[in-house]
Amino acid sequence: MKERRDNLEVLTMGKIEDAIKKINTEIQKEPSNRYLALIGEHIIDNITSEAAAEKVLKKEKTLAKALGGIQNKASKQKTGDCAVIEDSVVYGWAREYFGLTANPQAPAEEVKGICVSLEDFL
């Protein structure tokens, strides 16, 4: 019975590790894209279970598409050339894209607003 449980734990860790590897690989494809890295690091912090890993591992789910969705939502909230959106909202959009819930063990998100031009994302 213990051997079966150990095998199950290995499978679970395997999926979690695969999901983390997928996100890291996407980050490394564009090392100068700080937005992609920030979103990716947050997603990695929220891959805490096999179920979460399976959501991230879905072939159609990518960091680039998550960032595109974030940019789309941000563009709808802009005033003039600027959108002021708190970090927690942006990270929430990223989790929503992947179908994840917030990890209570993840580092606390700093609440702050910043004014950025949507051209900064392009």
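**Helix packing and a salt bridge in a predicted model**

Hi everyone. The protein chain has an average pLDDT (the predictor's confidence in each residue, from 0 to 100) of 83, and 74% of the residues score at least 70. This is a predicted model, where local features need pLDDT of at least 70 and side-chain atom pairs count only at pLDDT 80 or more, while totals for chains, interfaces and linings use all residues. Residues are numbered from 1 along each chain as its sequence is written, and side-chain values use heavy atoms, leaving out hydrogens and water.

Where is confidence lowest in the protein chain? In strand 2 (residues 115-117), with a mean of 56, whereas helix 3 (residues 50-57) is highest at 96. Helices (H or I, at least four residues) and strands (E, at least two) are DSSP runs, numbered from the N terminus.

Now to the packing. Helix 4 (residues 63-75) and helix 5 (residues 87-98) pack at about 130°, their axes 9 Å apart. Axes are lines fitted to C-alpha atoms, for helices over the stretch in contact, and angles run from 0 to 180 degrees between N-to-C directions.

Which residues meet, by heavy atoms within 4.5 Å? From helix 4 come Leu-63, Lys-65, Ala-66, Ile-70, Lys-73 and Ala-74; from helix 5, Val-90, Trp-93, Ala-94, Glu-96, Tyr-97 and Phe-98.

Last, salt bridges: a side-chain nitrogen of Lys or Arg within 4 Å of a carboxyl oxygen of Asp or Glu. The count comes to 4. One of them joins the side chains of Lys-15 and Glu-50 at 3.4 Å, N to O. This pair links distant parts of the chain, with Lys-15 in helix 1 (residues 2-29) and Glu-50 in helix 3, 35 residues apart. Thanks, everyone!

How values were computed. Contact = heavy atoms within 4.5 Å.
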